[in-house]
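My entries follow in the order of the look-ups.

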Amino acid sequence: MCGMNWYREEMERAEEDLDRLTQLLAMMEERYKLSLAEPDSNRLSPDIVDVYLELVSRKKALTMNKSPQA
């Protein structure tokens with residue numbers, strides 16, 4: 001699955017680039033018809049779901065780190 005390798009490489013390159021992570025998520029959601037509500041693991045390979053959830057996790061962590069603190 002070279003497609004997932006590409007997403008992994010791009011995720012590593014993005015590091016803390018929230019915009020790039022957002023783009024990658026949008027690309028995966030469009031290509032694989034994914035939804036954050038419930039990734040359909042029955043019709044998708046576990047590799048696709050794993051990469052998607054890793055992207056979501058990284059984006060969430062960055063969003064939480066960049067949010068203003070009281």
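Is glutamate 54 buried, partly exposed or exposed? I found glutamate 54 to be partly exposed, at 33% relative accessibility. The scale I used calls a residue buried under 20% relative accessible area, exposed over 50% and partly exposed in between, with a 1.4 Å probe and protein chains only.

Notes on the source. The model is predicted, so I kept local features only at pLDDT of at least 70 and side-chain atom pairs only at pLDDT 80 or more, while totals for chains, interfaces and linings use all residues. Residues are numbered from 1 along each chain as its sequence is written, and side-chain values use heavy atoms, with hydrogens and water left out.

Entry: salt bridges. I searched the whole structure and got five salt bridges, each being a side-chain nitrogen of Lys or Arg within 4 Å of a carboxyl oxygen of Asp or Glu.

For helices I used DSSP runs (H or I, at least four residues; strands are E, at least two), numbered from the N terminus. Arginine 58 is partly exposed at 24% relative accessibility.

Next I looked up aspartate 47 and arginine 8, which form a salt bridge with closest N and O atoms 2.2 Å apart. This pair links distant parts of the chain, with aspartate 47 in helix H3 and arginine 8 in helix H1, 39 residues apart. Aspartate 47 is partly exposed at 22%, and arginine 8 is partly exposed at 30%.

I then checked arginine 20 and glutamate 10, whose salt bridge has its closest N and O atoms 2.9 Å apart. Arginine 20 is in helix H2 and glutamate 10 in helix H1, ten residues apart, and the pair links distant parts of the chain. I noted arginine 20 as buried, with a relative accessible area of 19%, and glutamate 10 as buried at 12%. Glu10, Arg13 and Arg20 are linked in a network of salt bridges.

Entry: aromatic pairs. How many aromatic pairs does a search of the whole structure find? I got one. The ring centres of tryptophan 6 and tyrosine 7 are 5.1 Å apart and the planes are at 80 degrees, so I logged the pair as edge-to-face. The rule takes rings of Phe, Tyr and Trp (its six-membered ring) with centres within 6.5 Å; planes under 30 degrees apart are stacked, over 60 edge-to-face and the rest tilted. Tryptophan 6 is partly exposed at 33%, whereas tyrosine 7 is buried at 3%.

Entry: the core. I counted 18 residues in the largest nonpolar core, where Met28, Tyr32 and Leu55 touch the most other members. Such a core is a set of buried Ala, Val, Leu, Ile, Met, Phe, Trp, Tyr and Cys residues joined through side-chain atoms within 4.5 Å. Helices H1 (2–14), H2 (18–32) and H3 (46–66) each supply at least two of its residues, and H3 gives the largest share, seven.

I also listed the contacts (heavy atoms within 4.5 Å) of tyrosine 32. Leaving aside neighbours within four places in sequence, they are Met4, Tyr7, Arg43, Leu44 and Ile48.

Entry: lysine 60. I placed lysine 60 in helix H3 and noted it as exposed at 55% relative accessibility.
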